[in-house]
Amino acid sequence: MAEKTKSEYVPNIYPGKDTVSARRKKLWDKSRPLLKYRSIAEDDITQLLSHRAVRSAYVSVHPPLEELIEPYDPIKHIVVPTPGTRAGDRIRFIQMSDSFHLPSIAPFGRQRLYFSRFRGIDTVVYSGREILEMRERDLEKATKMLLETEIFNPGRSALKGITVHGHSLRLDENGLMFDARRRYIYDKDSGEVVYIKDQMGNVLDVPVPVGPPLSEEDCKKLCLTYSWDTQPYKARTELFEMMSRSTKMRVMAGFNPEMINESM
Amino acid sequence: MGEELSEEERIKRFVEERKKKAGEERTKESGMSARERDYTRELYRASQKFIDIEKGRDIYQTMKEIWGAEPLYEVDEKMYHRGGYRQSIRKKEFIDAGKQIAIKRGLPSYSRAVGLPVGQRMLEPMPVGKWGITIEQDDSHHMNNTAIQQLNDDIKRTVIMNLDLAHRMLQVRVGKEVTPETLNFYMETLQHTMGAGAVAQEHMNEVNPYLVKDAWAKIITGSDEIMDGLDQRYYIHIDELFHPDRAKALKEAIGDSIWVVFRVPTLAMRMGDGECTGRWAAMQNTMAFISAYQLSGEHVISDLAYAFKHARVIHMGDKLWGSRVRGRNEIGGIPDGFIPDIIQCERDLPLMPYVEYMTQDDAAASKAMTRMSEGIGGIAAMLDNTLWLGFYMSGGIGFSNTVATSALSGGANEDVLSEFSNLGAKYLRGKLIPAKWDIMKVMLNMVATYVIETYEKFPTLAELHWGGAHKTSIMGTVGAGVSAMLTGSSTMGLWAGNYTIASAMKEGWLRTGWAGQEIQDHMGMPYLCSFRPEEGNLTEMHGENYPMHSFSAGHGNQRAAANYGAMMGRGSAWCLSPVVKVAFADPHLAFDFRRPRYCIAKAGIKEFMPDGERTAITPACDILDRGILKDTMKEIPF
């Protein structure tokens, strides 16, 4: 009898075959690179984050790991430290807010993307914002990806370290998401969104352009959430079946895992 | 046989295939395929056909009234140009008051010079219920709204005691007769002692009756014979206050027992806490017994006190656990099943299961749904979000108030619910749906996606309910309420509520609200369906005091909707206690538990008169001088 070939497990990532499901599958699959839409200089990213002065040295909260003598821990041999951890950087954060109207990513989408693509993170999901905490130099690297790729729509995603209100509001006259601190404005001459304040609302010496807002068509194409007029949610049979099944299993078999069977 | 190719041709073909594949990938990644574009465009075009239908909905009119703009349009062209806080009359009043106070007391007060600029978006007015009253958001803060304060006070200052044990003691151990005459005399004495009037000792400090004019006690009984013998002022008239079918059911449940509901003075309860209510009532009740029945001797009096303090007493709330410790009769200890009993919105409706309302006519079913919405929005949302989470737990944060007020707004929630009622009337034909998930999920998905799409269609509604917790609160309430009303099962209601938030809403929008869903809606699912004591309990016995959940804003409505909806779904006259149901029908209460949103709206325009005033003992002076007059006392030497 021929030996059975070993099949490699391929995670399905997300149920369904519609456009939104395909988007979700892509963003949460770390093997698939995200398309780069724009370039933002590293110094500009440092300015936007506002954790350190541009080109200043990283502040460390402990000596480099190589210099530390720590008690034996087998996990430390398995997990390779990130560059920021190895250097002893502070833990800093970026907080992003995403509009309710055709967003290219949304809070739980960010959470799943962060868990899938980053290491050494802590993240909290709220309704309109998502905070990501990492070692400082790791964070800057991650921020570059968050701002330069297809998941960032300058018009409908924003850095909001404080005063995050506005994700669910109507858009302003230029189609931008509301920001009570007006960190960003639409430059009609260049057609780009320009940050005039950092994520904490402090005025920047030099404004940072982050590219033009996505067109309405691009918004619809890249939208990660369902919408009644573009990608109706109620038609997603496979997704609803999956949710229904997981709910039933959680309720009926939460304390009795032996009750799980094929009919559930 | 395969085609024989030279090495060069094979490489050429391979390169072409790679190019083609890469091109396809690129199209897929960077551009929309023709089919996709057609699909999007066609669907968008199709959706435009339904715009007129959307314009016919109540919600359209409500949003238009609130925003003064096209409700379906997702751009606010006046954003950032609305005049800041000056667009709000209330904010302007606050600014003026802050300045006056700062001058008078020599310390800064409220000032918009600190913090972020307010009012760059529209500070929208809010119509409450369908009463035609519009208030500002600030008016619904519990500190500004006397009705919300009175709601809190009227619950916390209520305690109910049973007299059967006391009467038995009087008859068997003391040899006293208990007759209608003695009961009337006892009740008259009790009205005096409830205001801390002295009856047994001569030289006692007494309380100014104006301060305690909101203190009284009334009998609750199901026996017509007992009621016939009583002075009409001393009992709650079940027959007059409830629909005849409900009155009959309540009287049967209460039977011949005699209960007394005590209303402790608002001021007394506020000086102490909810726990003081039971103490005050037990003391004054015992004094009334001593006086009315001429009692003396330690044994019977101590037993009476024991009966009133512990043995035969219903507190509105249990005491809380260590880390959130508070005594009984505080908001955190109210069982979820008491909240539908406290709510009175349905009491004049015929007693029948909700699905039977549907068979009558659309209007009747909508009315029942509206009543549920009134009770949940006006009472449950206030108790859970505004008072417990926003005040007791968070220390007065205004966010929870805004979550609660999302349940107040008229024309928004009712719209969804009445649409659903009409739909149910067409398809269900008066039959209760079995409380089975496989059946319920079909209905629930329809309801959940309907609400979700309503938010998507109306950007103004999304702006009104601007936080995830606001939407969570509405989604959970609709999901739980509808399921409970259709099945009569509170467990299914709560299950549906959790599913609506944690699955339907979360996967559709990839967002929920205030980070609570991972710990309540997911974890809560196995707990809510397990009745083993260490795992769960009856849904009606849950509450803020229930240790298996970590509650977040918006969930109180959901739990109350599950219980209240199930009560109406079953066609029951009460949820957990018929006595509590009758106690809050008392027309003497300042807060009307039948029309809670009306009271809150009235308070928003300063037309609600609360209890607990101190004007009888304070100097007559300008509002600014209150609290500052004490300075003059400092000048008087000892």
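In chain A, strand 5 and strand 6 (residues 192–197) pair in the antiparallel sense over 4 bridges. Strands here are DSSP runs of E with at least two residues, helices are runs of H or I with at least four residues, and both are numbered from the N terminus; two strands pair if DSSP finds at least two bridges between them. This is a predicted model, in which local features need pLDDT of at least 70 and side-chain atom pairs count only at pLDDT 80 or more, while totals for chains, interfaces and linings use all residues. Residues are numbered from 1 along each chain as its sequence is written, and chains are lettered from A and ligands numbered from 1 in the order in which they are written.

Within this pairing, A:Y186 stands opposite A:V193 of strand 6. The two strands belong to an open, antiparallel sheet of 3 strands in chain A, with the order 5-6-7. Strand 5 (184–187) and strand 7 (203–209) of chain A each have a single partner strand, so one side of each is left without a neighbour in the sheet.

Chain A also touches chain B, and the contact takes 45 residues from chain A and 53 residues from chain B. Residues are in contact if their C-beta atoms, placed from the backbone, lie within 7 Å. On the chain A side, the elements that give two or more residues are helix 5 (107–117), strand 2 (122–125), helix 7 (216–222) and helix 8 (237–253). Helix 8 of chain A gives the most, with 8 residues.

Turning to chain B, helix 11 (residues 244–254) has several buried residues, among them B:R246, B:L250 and B:I254. A residue is buried if 20 or more other C-beta atoms, placed from the backbone, lie within 10 Å of its own, exposed if 12 or fewer, and partly exposed in between. The cover over the buried residues of helix 11 includes strand 4 (216–221), helix 10 (238–241) and helix 27 (578–583) of chain B. Just after helix 11, B:G255 takes a positive phi of about 65°.

Most residues other than glycine have a negative phi. B:N329, however, has a positive phi near 65°, and B:L510 has a positive phi near 55°. B:N329 lies in the loop between strand 6 (313–315) and helix 15 (338–342) of chain B, and counts as buried because it has 26 C-beta neighbours inside 10 Å. B:L510 is found in the loop between helix 23 (490–509) and helix 24 (518–522) of chain B; B:L510 counts as buried because it has 23 such neighbours inside 10 Å.

Terms used: Two residues are in contact if their C-beta atoms, placed from the backbone, lie within 7 Å.
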